[in-house]
Each structure stands twice: as structure tokens, then as C-alpha cells.
Amino acid sequence: MFQAFPFAQVIFNSIKVAVIVVIANLFISTMAGFAFARIKFKGKNVVFLIILAGMMIPSQAKLIPTYLVMSKMGLVGTHWSLILPAIINPINIFFVRQYMMTIPGSYEEAAYIDGAGRFTIYLRIFLPMSKSVIIMTSMLTFLASWNDFLNPLIFLSKYDKMTLPLGLKTLSGAMATGSTSVILAGVAISLIIPTLLYIFGQKYILQSVVMSGLKS
């Protein structure tokens, strides 16, 4: 399998893209979730509804405008064309916001009395207390990027830039004439990381989903 295709490079590309997306998405989702959950500002509910409305737009409908934007920026054919559109996820913002609303306000009030600012409260109180939802959203974001096939198919063409799903498709060859054993070996390797994530993170997924629905 590794002789037939630069599979090690493909695996590295998938890990690289997924990790960057997770880190950027985590920063934006937790900041936005904290703002919507704990900060009062004019039009907060309207803005939150607009963000949630983004979940109703099919990903296929966004492909053409996204491609045009990436083309204008000169990013087509690079990993940034996969990373930038994926760093904001409305469902992650929703989960974080719902979870942070369950945290008692007494922690926040005590921090304000001690002279802490909003960013300090976010960083030192709410982030540590939101470990479950952070792990859950990180896992789901990583897996969404890891399993993404359509976007790499549209934006990437060079072998050394391909991610794992596109690499597996390339292994199948034209008209699916590739070696079945080689393809199955690639599929088996691609399942290792998602399986490990589910094994070690299922507790946090259940915990965060339960807590996120306690208060609206």
C-alpha cells in the first residue's frame, strides 16, 4: 500500500488539517459560546439565531461560493482551502453556549469581586469547567475533517496535498480497478484514529450532551 501511493504523506496531511481545524474551531466556539451564554449585549438572541440558521444551509450549496472565494484568495490547491471554511461551526457554538449556561453564576460573581476581567473568567474558570463539551466538540470536529471527502475532491488535485478519504479513492484506481487488498489495508489504517477517539471520548460525549440540554 505504501509503495503504491504516498500514503504516509496523505495520513500526515489529514492529521495536519484536522488538528489545525480543531484548534481554530475550539478557540472560536468557546469564545462565542461564552459570549452568548454569559455576556449581555443588544441583539444577542438575534445574532445567535442567525448563526444557528447557518446549520440549515446544505454544505453542497456552499461549495460554489466557497470555491470562488478561495480562488480569489489564491488558496485553491492548498490545505487552507479546507481549513478556513471549517473553523466556524454553528453546532459547536450551540453546544458550548448551552453547557456554559449550566455553570452557576456564583463562580462568575466571585471572580468579578476579586477583580478578574471577562477574558480571565473565560480562560481560568469557564474553560476548565467545560472540559466535557470541549472534548466532545473537538472530537466531532476532528472526525468531520478526517472523514471529509467532498471538499478535498473539489479543492485538491496534487497527490502530495491529498487527505485520507481522497487518497483512498485514488487507491481504488480508474473504474475501481485498484487492488482490493491494498484498498482494504488503507481503510483499516484510516479507522485506527476514529476508533481510538470513540473509545476514550465516549464518556465525555454522553456527559456533555446531557448537560447541554439542562438549561436554555
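Predicted model: local features only at pLDDT ≥ 70, side-chain atom pairs only at ≥ 80, totals over all residues.
Reader: Which helix supplies the largest share of the lining of the largest cavity?

Author: As a general idea, rolling a probe the size of a water molecule over the atoms shows where empty space is left. In this case, helix 1 supplies the largest share of the lining of the largest cavity, with 4 residues. Helix 1 and helix 8 each give at least two residues to that lining.

Reader: How many cavities does a search of the whole structure find, and of what size? And which residues line the largest cavity?

Author: The search of the whole structure finds 1 cavity of 30 Å³ or more. The volume of the largest cavity is about 50 Å³. Its lining consists of Val22, Asn25, Leu26, Ser29, Asn92, Thr137, Ser138 and Thr141.

Reader: Let me turn to open spaces. What is the volume of the largest pocket, and which residues are closest to its centre?

Author: The largest pocket comes to about 900 Å³. It is lined by 32 residues, and those closest to the centre are Lys62, Pro85, Ala86, Ile88 and Asn151. Two or more lining residues come from each of helix 1, helix 3, helix 5 (90-100), helix 8 and helix 9.

Reader: Could we step back to the whole protein? How many helices and strands are there?

Author: There are 12 helices and 0 strands. Followed along the sequence, the pattern reads α-α-α-α-α-α-α-α-α-α-α-α. The C-alpha atoms fill a box of roughly 65 × 40 × 30 Å along the principal axes.

Reader: How should I read burial and contacts at this level? What percentage of the residues count as buried?

Author: Of the 216 residues, 39% count as buried. The protein exposes about 12,200 Å², and carbon and sulfur atoms supply 69% of that area.

Reader: Is alanine 24 buried, partly exposed or exposed?

Author: Buried means under 20% relative accessible area and exposed means over 50%, with partly exposed in between. Alanine 24 has 23% relative accessibility, so this residue counts as partly exposed. Alanine 24 sits in helix 1. It also illustrates separation in sequence: alanine 24 and leucine 84 are 60 residues apart along the chain, while their C-alpha atoms are 9.1 Å apart in space.

Reader: And asparagine 13, buried or exposed?

Author: Asparagine 13 has a relative accessible area of 2%, so it is buried. Asparagine 13 also lies in helix 1, which spans residues 7-38. Setting aside neighbours within four places in sequence, asparagine 13 is in contact with His79, Asp160, Lys161, Met162 and Thr163.

Reader: How many salt bridges does the structure hold?

Author: The general idea first: side chains of opposite charge can pair when their charged atoms come close. The structure holds 1 salt bridge. Arginine 38 pairs with glutamate 108, and their closest N and O atoms are 3.0 Å apart. The bridge links distant parts of the chain, with arginine 38 in helix 1 and glutamate 108 in helix 6 (residues 105-113), 70 residues apart.

Reader: Are those two partners buried or exposed?

Author: Arginine 38 counts as buried at 16% relative accessibility. Glutamate 108 is buried as well, with a relative accessible area of 10%.

Reader: To finish, which residues form the nonpolar patch on the surface?

Author: The patch consists of Ile64, Tyr67, Leu68, Val76, Phe149, Leu150, Leu153 and Ile154, with about 660 Å² of accessible area together. Helix 3 (63-72) and helix 9 (150-155) are the elements that give two or more residues to the patch. Take isoleucine 64, which lies in helix 3. Its relative accessible area is 62%, so isoleucine 64 is exposed.

Key. Residues numbered from 1 in each chain as written. Heavy atoms only, no water. Patch = residues over 30% accessible without salt bridge, like charges linked within 9 Å, V, L, I, M, F, W, Y side chains within 5 Å. Areas by Shrake-Rupley, 256 points an atom, 1.4 Å probe, with all protein chains shown as cover. Salt bridge = Lys/Arg side-chain N within 4 Å of Asp/Glu carboxyl O. Buried < 20%, exposed > 50% of the residue type's maximum accessible area, 1.4 Å probe, protein only. Contact = heavy atoms within 4.5 Å. 1 Å grid on protein atoms, 1.4 Å probe; cavity = no way out; pocket = protein on both sides within 12 Å on 5 of 7 lines; lining within 4 Å. Points joined across faces, edges and corners; volume = space filled by probe spheres on them.
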